[in-house]
Amino acid sequence: MSLLRLRRLTKSFGGLTAVHNVSFDVNVGSIVGLIGPNGAGKTTVFNLITGIYQPDQGEILFNNTSLLGLRTHRIIGLGIGRTFQTIRLFQSLSVLENVLAGCHCRMRSGAFAAMLGLGRHRREEKEALEQAMNALAFVGLDKNPLQPAKNLSYGNQRLLEVARALATQPKLLILDEPAGGMNEQETEALIELIRRIRSRGITVLLIEHDMNLVMRVSEKIVVLEHGSCIAEGTPWEIKANPRVIEAYLGTEED
Ligand SMILES: Nc1ncnc2c1ncn2[C@@H]1O[C@H](COP(=O)(O)OP(=O)(O)OP(=O)(O)O)[C@@H](O)[C@H]1O
């Protein structure tokens with residue numbers, strides 16, 4: 001069953017068509033990898049899904065609801081969490097505060113209730129704290145939650161971004177180059193983490209240049225080149241696809 005359905009998505013910037021007629025499905029409970037050479041349009045697809053850009057043409061359905069015209073916070077509210085290619089943390093805030101920022105999108109009481117210290121707000125704050133600590137424990141960053149985010153290693157900052165996205169309680173988690181800047185050991189731990197995320201019932205869509213990671217975690221891989229989808233299949237099918245080898249694997253990564 002499809003959780004996310006992209007149909008004939010197209011997005012141009014001036015004269016450049018960054019994404020052209022892209023269609024694919026992400027099934028409930030699956031891990032899907034989106035790969036392609038630099039500039040192929042991968043991040044643009046993520047930005048279209050999360051409402052940062054609106055497509056020129058095409059349709060995006062999440063749980064059979066169209067995401068077109070919705071703003072990012074509504075899309076997060078529907079159950080799509082994401083991390084970014086370049087780390088976007090509040091560096092001076094604590095590890096915990098960074099994750100709490102993710103929880104707040106689920107809180108229903110507004111600033112007015114917060115000012116008055118109303119019961120519902122206090123209850124929600126307590127729940128948010130619990131959720132944030134759970135998310136930190138899940139990625140293994142719960143030991144020193146009050147330290148500033150900037151004290152964490154690069155690899156751990158990436159995990160903190162994952163924790164923040166998990167705190168929004170997503171049904172679909174979108175990861176943009178999660179292994180970027182990680183060493184081999186950190187990447188191994190990330191592979192295990194992505195599998196644990198899926199075993200919690202969260203569907204995963206990821207962009208990653210680390211072919212070892214993509215091939216090992218994905219059930220399905222979609223390949224973009226110059227904005228168009230040139231192949232879709234299992235890791236084995238993708239590895240053996242001559243068009244992919246020519247466009248991508250055979251050139252840059254081998
Ligand atoms: N806001 C924008 N304005 C103009 N051009 C853009 C914009 N965003 C992306 N592009 C262009 O669209 C094309 C696709 O970019 P995109 O970042 O989606 O590729 P990518 O596959 O994610 O690349 P990489 O692997 O290098 O991150 C590129 O040529 C890029 O320069």
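Predicted model: local features only at pLDDT ≥ 70, side-chain atom pairs only at ≥ 80, totals over all residues.

Biologist: Which residue is the bridge partner of Leu224 in β10?
Modeller: Leu224 pairs with Cys229 there.

Biologist: What order do the strands of that open sheet have?
Modeller: There are six strands, in the order β6-β7-β8-β3-β9-β10. The pairing is mixed.

Biologist: Remind me how strands of a sheet pair?
Modeller: They pair through backbone hydrogen bonds, either parallel or antiparallel.

Biologist: Which are the edge strands?
Modeller: β6 (80–82) and β10 (228–233) are the edge strands. Each pairs on one side only. From one strand to the next, the twist averages 20 degrees.

Biologist: Which strands does helix α7 lie across?
Modeller: Helix α7, residues 184–199, lies across β3 (31–35), β7 (172–176) and β8 (203–207). The helix runs at about 150 degrees to β8.

Biologist: Switching topic. What order does the open sheet of four strands have?
Modeller: That order is β2-β1-β4-β5, with antiparallel pairing. β2 (16–27) and β5 (65–66) stand at the edges with a single partner strand each, so one side of each has no neighbour in the sheet.

Biologist: How many bridges pair β1 with β4?
Modeller: Five, in the antiparallel sense. β1 covers residues 2–13 and β4 covers residues 57–62. Leu6 stands opposite Ile60 in β4.

Biologist: Which helix packs on the sheet, touching β1, β2 and β4?
Modeller: That is α1, residues 42–49. Its direction makes about 65 degrees with that of β2.

Biologist: And what joins β4 to β5?
Modeller: Two bridges join them, and the strands run antiparallel. Leu61 stands opposite Ser66 in β5. The two strands form a hairpin with two residues between them. In the turn, Asn63 has a positive phi of about 55 degrees.

Biologist: Back to α1. How many of its residues are buried?
Modeller: Seven of the eight are buried, so α1 is largely enclosed by the rest of the structure. Lys42, Thr44 and Phe46 are among them.

Biologist: What follows α1?
Modeller: Gly51 does, and its phi is positive, near 80 degrees.

Biologist: Which residues surround the ligand?
Modeller: They are Phe13, Leu16, Ala18, Gly36, Asn38, Gly39, Ala40, Gly41, Lys42, Thr43, Thr44 and Gln85.

Biologist: Which element gives the largest share of that shell around the ligand?
Modeller: α1 does, with three residues. β2 and α1 each supply at least two.

Biologist: How does the shell around the ligand split by class?
Modeller: Four residues are nonpolar, seven are polar and one is charged.

Biologist: New topic. What domains does the assignment give?
Modeller: Domain 1 takes in 1–79 + 171–254, and domain 2 is 90–169. Their centres, taken over C-alpha atoms, are separated by 26 Å.

Biologist: How many residues of each domain are in contact?
Modeller: Ten residues of domain 1 are in contact with eight residues of domain 2. On the domain 1 side, α2 (72–78) and α7 are the elements that give two or more residues. The largest share, three residues, comes from α2. That side of domain 1 divides into five nonpolar, four polar and one charged.

Biologist: What about α3, mostly covered or mostly open?
Modeller: Mostly covered. Helix α3 spans residues 95–103, and seven of its nine residues are buried. They include Val95, Leu96 and Cys103.

Biologist: Last one. Where is Gly155?
Modeller: Gly155 is in helix α6, residues 154–166.

Biologist: Why does Gly155 count as partly exposed?
Modeller: Because it has 19 C-beta neighbours inside 10 Å. A buried residue needs 20 or more.

Biologist: Which residues is Gly155 in contact with, leaving aside neighbours within four places in sequence?
Modeller: Gly181, Met182, Asn183 and Glu186. Gly155 and Thr187 are 32 residues apart in sequence, yet 8.6 Å apart in space, C-alpha to C-alpha.

Methods. Residues numbered from 1 in each chain as written. Pairing = 2+ DSSP bridges. Axes fitted to C-alpha atoms, helices over the stretch in contact; angles between N-to-C directions. Contact = placed C-beta atoms within 7 Å. Domains from an automatic or database assignment. Nonpolar A, V, L, I, M, F, W, Y, C, P; charged D, E, K, R; others polar. Near = placed C-beta within 6 Å. Buried ≥ 20, exposed ≤ 12 C-beta atoms within 10 Å, placed from the backbone.
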